[in-house]
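Colleague: Could you take me through one part of this model in close detail, setting out the surroundings of a single residue and then a sheet?

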Amino acid sequence: MKRILVILILFLSYVSIGQINFYKTYTGSAFDEGQGVTQLPDSSYAITGSSAAFSELSGQAYLMLVDSLGNHLWTKSYGGNGSDWGRRVFHKPGVGFVIAGYTSTTDDGSFNYYVIQTDESGALVSEKNFGTSNWERLWDAVLLPDDGLILVGETEGESSELKDMYIVRTDDQGDTLWTRTISTQYDDVAYAAEIINDTTVVIGGDSWENDEPRSTIISMHIDGTINWQKYYGDIVETGIRDLKYFNNNLYAGGYIVQITKDDWDIWALKTDMNGNFVEDLTDDLEGMDFLSSIAVKSASDFYIAIVSDSPDLGVFPEGTDVFITKFNINFDYNGFSKSFSGVNTDITNQMI
């Protein structure tokens, strides 16, 4: 079966000629997936992910540039004979691009974290992979003020077959400064990271507390020291898939398993800067639903991306659909909702 995954870009920005928005697809093979996006100073966009368009042997990581109207400018690919993925992309004006992802183009064929540096035209400057003898997958990354990276995701042991949070800091050359593993006796995965200031990042993901599945937020110094760690969910299971900082609060989103149900529902969480619970938002729909991405523009512009197969939302058959909905930062609905739907699976991986 051929698998076609579409890169979806939605943006709303005011310029002198008015509001610009577009919806376009880009494809080069039976497998194309967009994972990360960033905007450049000239309002163009850089996108990364994985595609089978560049090799008959496997999917490779790529960097694609489109202009402010979504018109394709160029695409470059990176990797080898393994499976190579770009997960997040950062632009350093006047220098080039940094792509953080994961790869199995390694000496032993197991997945490792993967950092690619290019010049402004996408020409490869350096590529490095690093990890343990186990299997690592990167889910998110942040670019630090010194041009180093904090990389977060998971490592899975061959013997235990359990996942642990795997956190790595690199310098501006992509060399490892330190690594940290956070684990319980069950699966633990870091799905999101957000920079707070020059010395602090927060990390969100899934963990366990007292033998119960919980979401967690960790505040960490960039030297790897944990400032605090908080758990959320009480008597229900929750998970975090994205995390943002705005106006001295943390906003996380993902899923919640209601007491009377066994599938995922939409869940958003607001905490103070010490991780203390402020309020949350849930939506109990039929089927599987979760919040995949968050974007906070102002106190009245809090966007969430929902992935759902719920018949309550009128989704197309055979897969999930995407819904973008706007609230304010107190989780009051703010009059905007838009669906991006088609036959088969639609999903968002990042929203800015």
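Modeller: Asp 242 lies in strand S19, which covers residues 237–246; strands here are DSSP runs of E with at least two residues, numbered from the N terminus. Before going further, please note that this is a predicted model, in which local features need pLDDT of at least 70 and side-chain atom pairs count only at pLDDT 80 or more, while totals for chains, interfaces and linings use all residues. Residues are numbered from 1 along each chain as its sequence is written, and side-chain values use heavy atoms, with hydrogens and water left out.

Asp 242 is buried, its relative accessible area being 8% (buried means under 20% with a 1.4 Å probe, protein chains only). Its side chain makes a polar contact of 3.0 Å with the side chain of Lys 244, a polar contact being a pair of N or O atoms within 3.5 Å, where within protein one must be able to donate a hydrogen and the other to accept it, and residues adjacent in sequence count only if both atoms are side-chain atoms. A polar atom of the Asp 242 side chain also lies 2.7 Å from the backbone nitrogen of Ile 294. Leaving aside residues up to four places away in sequence, Asp 242 touches, among others, Ala 192, Tyr 251 and Ser 293, contact meaning heavy atoms within 4.5 Å.

Turning to the sheet, 4 strands form an open, antiparallel arrangement in the order S15-S16-S17-S18; two strands pair if DSSP finds at least two bridges between them. Strands S15 (189–195) and S18 (226–232) stand at the edges, each with a single partner strand, so one side of each is left without a neighbour in the sheet. Strand S17 (residues 212–221) pairs with S18 in the antiparallel sense over 6 bridges, and Ile 218 stands opposite Gln 229 in S18.

Terms used: Buried < 20%, exposed > 50% of the residue type's maximum accessible area, 1.4 Å probe, protein only.
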